[in-house]
Protein chains: 2
Amino acid sequence: MAKVNEDFLKLAGGYLFPEIARRTRAWQEKNPGEKVLRLGIGNTTEALTPYITSEMHRKIDLLSDRSTYTGYGDEQGDTPLRVALSEMYRREYGVELAPEEFFVSDGAKADAANIQQIFSSDSIVAVQDPAYPVYVDSNVAGGRSLGFDEESLSYKGLVYMPSNESNGFVCTPPETHVDLIYLCFPNNPTGAVATKEQLKAFVDYAIRENAVIIYDAAYSDYIREEGYVHTIYEVEGAEKVAIEINSFSKNAGFTGVRLGWTIVPFGIASDNAPEGTVHRLWNRRQCTYFNGASNIAQSGGIAALSPKGREECRSLVDYYLENARIIKSGLEAIGIKCYGGVNSPYVWAKAPRGMKSWEFFDFLLEKAHVVVTPGSGFGGSGEGFVRVSSYGHREDVIKAVESIVEHIND
Amino acid sequence: MAKVNEDFLKLAGGYLFPEIARRTRAWQEKNPGEKVLRLGIGNTTEALTPYITSEMHRKIDLLSDRSTYTGYGDEQGDTPLRVALSEMYRREYGVELAPEEFFVSDGAKADAANIQQIFSSDSIVAVQDPAYPVYVDSNVAGGRSLGFDEESLSYKGLVYMPSNESNGFVCTPPETHVDLIYLCFPNNPTGAVATKEQLKAFVDYAIRENAVIIYDAAYSDYIREEGYVHTIYEVEGAEKVAIEINSFSKNAGFTGVRLGWTIVPFGIASDNAPEGTVHRLWNRRQCTYFNGASNIAQSGGIAALSPKGREECRSLVDYYLENARIIKSGLEAIGIKCYGGVNSPYVWAKAPRGMKSWEFFDFLLEKAHVVVTPGSGFGGSGEGFVRVSSYGHREDVIKAVESIVEHIND
């Protein structure tokens, strides 16, 4: 008899964002005519930029002419895009990676979820707590957990690395052995950024334990202060133990256009596979389960990596960083303790008066008509916090902050 | 220690098309200046059509304006596209499916590869032999085979349903129990088409055995003769046992643009899951591992489903069908036995003089400078055949056929 994959049935409840959408919808139905101000989901709101869109228009024109039309591209991505990525890493970060170590994808989420597939199902997985839910969920569905523990609000079998006020939301490596370590800096949801020394501890751990680091750098373009790492390959030895995932979503506004990349260096070995195997298996995975990113999106990606495109992306990121500054200073002015919001689009705000995450969520929705994201939705250590996203039109962000300021004591 | 997924290591050799590319490249290096005529890969060659591209241009313009910009869409696809798909099935096939039963994706290949993930890893899988390699490879990497058997050129643990001259390349259901059955009609590679009665046997088998059918209908728009099934839901009872996968690649020319859909009816149950669970798990899978198809591609998909878009797609398919007719009649005129090529873009040609698939491949490459696809690359029952693809410019197809005719006795 056909049976469904029981590991999928272990996934707890709904995904965080649908629950936020449900509560927001319910509130709106009870309060018709009232406008909800959304600082919840990390969804870009500003227009695609002129040079990037002109190149996508041009690509459609090329596809409209049989003499320049192309069909399937390489599953790994178009060569000019892989070359442009390699050059960007060299130029901006001083990091040497071959174009063949870059795999273009339809976005960081898919890669972050799929990467576990090439590793053994008995791998021990460590995640930051709190963390972007996809790392956890993909490993639970991948058979690496015994199920959800309602008491601790965590999955049995996963190793959680608490990231909290006491360590500045930058966790330290686990004390026990793990095989795969998911790290995200600038962090979603806490907005924390890691220094080279902090990441060096993880790279050293991975070398010692023969572990692999999955490094999500989707917000790296938000780093504007000195002393932080844009790519984990700035850390010595990382090219032997780390896979890096990144995206055009948050710097070029491609959340809907869909384009990302993953770097799998040739140098990664593992316990049952010599150097090169991890690269080869990800290549095989992509060739079997994926058929390349949209060629229109890829033409936009090439444009985004050109000097003109990088400038446009920088302005776009500036806009959201200014939003973050407005949020952070507004909330701090009324005594709310805030983390992140600098070098990151996310402000990690501590709920006042000892409120829990969902309590503060409901309070802000009902009193200030502002939607944020409950920190507990990202893991137990997120309890007592909310994530305030800077993705919004400036005028809406200002209105939302003013509304919170006005109603904080209601 | 981190270990790679050993099921991935079971995948035999390279993927078929890279090997074809390798031999073609090697030949070209030895014969510089000679033009290779490609009827190998199923890659569209004709331009995207005017109405569809105008709508994609319009979408980019909307994304270029902050008042009409949108970011993340629903993982399941934009509602207007799901509604348009549902209406197309009602209008053209008389089949009632809710928009929520349609999941928009970045193409049929990814869905065909990923769908196995929501089923138990001990599922017994049946595939047509020959078959599109993705069904087999995704299940081998998904842990459903004990490895490749070099003797029989097949994977241990998989059930192969021979499709050959004696059954007109339409296999019958397995005689033993299986859990998942992959079917593709019009078939890639053989070009065979199934009647309602032939598919009814599979639906009845699936109902009796509590199996699930994965039905790949990516070439359904190529069916022009009466008496064949465009969607498996034309068969009574299929909505309780069948998942259908389809794509805009081969009718709208979206091989590079990337857009497809999968239908998972609410009515599918399984042994450890009540009705609705399979739909719910695919929804969860898509929400966890995928972030929606490109919004530009989706705007093209909505256009493609409009009356004007359907007309444009019909002309595009007509073009390739005429190519197929030219190939088939040309080869038959020199005594090569051909199947398919009607209601299908693929001509399935029997190698003359008892040649094996790769022998005939090498012969055609060396003598006629024509690249085809060796039938044995699709499974043991494909031995002795080659797949000739109608995807090519008319002038190149004519040249290729003329060249084969001229050199067949070299």
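Ten salt bridges span the interface of chain B and chain A under the rule applied in this predicted model. One of the salt bridges joins Arg66(B) to Glu46(A), with 2.9 Å between the closest N and O atoms.

Several helices of chain B supply at least two residues each to the side that touches chain A, among them helix 1 (6–9), helix 3 (50–63), helix 9 (277–289) and helix 13 (394–407). Helix 9 of chain B gives the most, with nine residues. By residue class, the side of chain B that touches chain A divides into 33 nonpolar, 33 polar and 21 charged residues.

In terms of extent, 87 residues of chain B are in contact with 87 residues of chain A. The two chains bury about 7100 Å² between them, and carbon and sulfur atoms give 54% of that area. On the chain B side, Arg66(B), Tyr72(B) and Tyr289(B) lose the most area to chain A, together 12% of what that side buries.

Helix 10 of chain B (residues 295–305) is largely enclosed by the rest of the structure, because ten of its eleven residues are buried. Among them are Asn295(B), Ile296(B), Gln298(B) and Leu305(B).

In chain A, Ile124(A) occupies the loop between helix 5 (108–114) and strand 3 (125–129). Ile124(A) is partly exposed, its relative accessible area being 32%. Beyond its neighbours within four places in sequence, Ile124(A) is in contact with Gly157(A), Val159(A), His177(A), Val178(A), Asp179(A) and Leu180(A). Gly142(A), 18 residues from Ile124(A) in sequence, lies 12 Å from Ile124(A) in space, C-alpha to C-alpha.

Technical notes
Residues are numbered from 1 along each chain as its sequence is written. Chains are lettered from A and ligands numbered from 1 in the order in which they are written. This is a predicted model: local features need pLDDT of at least 70, side-chain atom pairs count only at pLDDT 80 or more; totals for chains, interfaces and linings use all residues. Side-chain values use heavy atoms; hydrogens and water are left out. Helices (H or I, at least four residues) and strands (E, at least two) are DSSP runs, numbered from the N terminus. Buried means under 20% relative accessible area, exposed over 50%, partly exposed in between (1.4 Å probe, protein chains only). Contact means heavy atoms within 4.5 Å. Buried area is the accessible area (1.4 Å probe) that two parts lose on being put together, summed over both. A salt bridge is a side-chain nitrogen of Lys or Arg within 4 Å of a carboxyl oxygen of Asp or Glu. Ala, Val, Leu, Ile, Met, Phe, Trp, Tyr, Cys and Pro count as nonpolar, Asp, Glu, Lys and Arg as charged, and the others, Gly among them, as polar.
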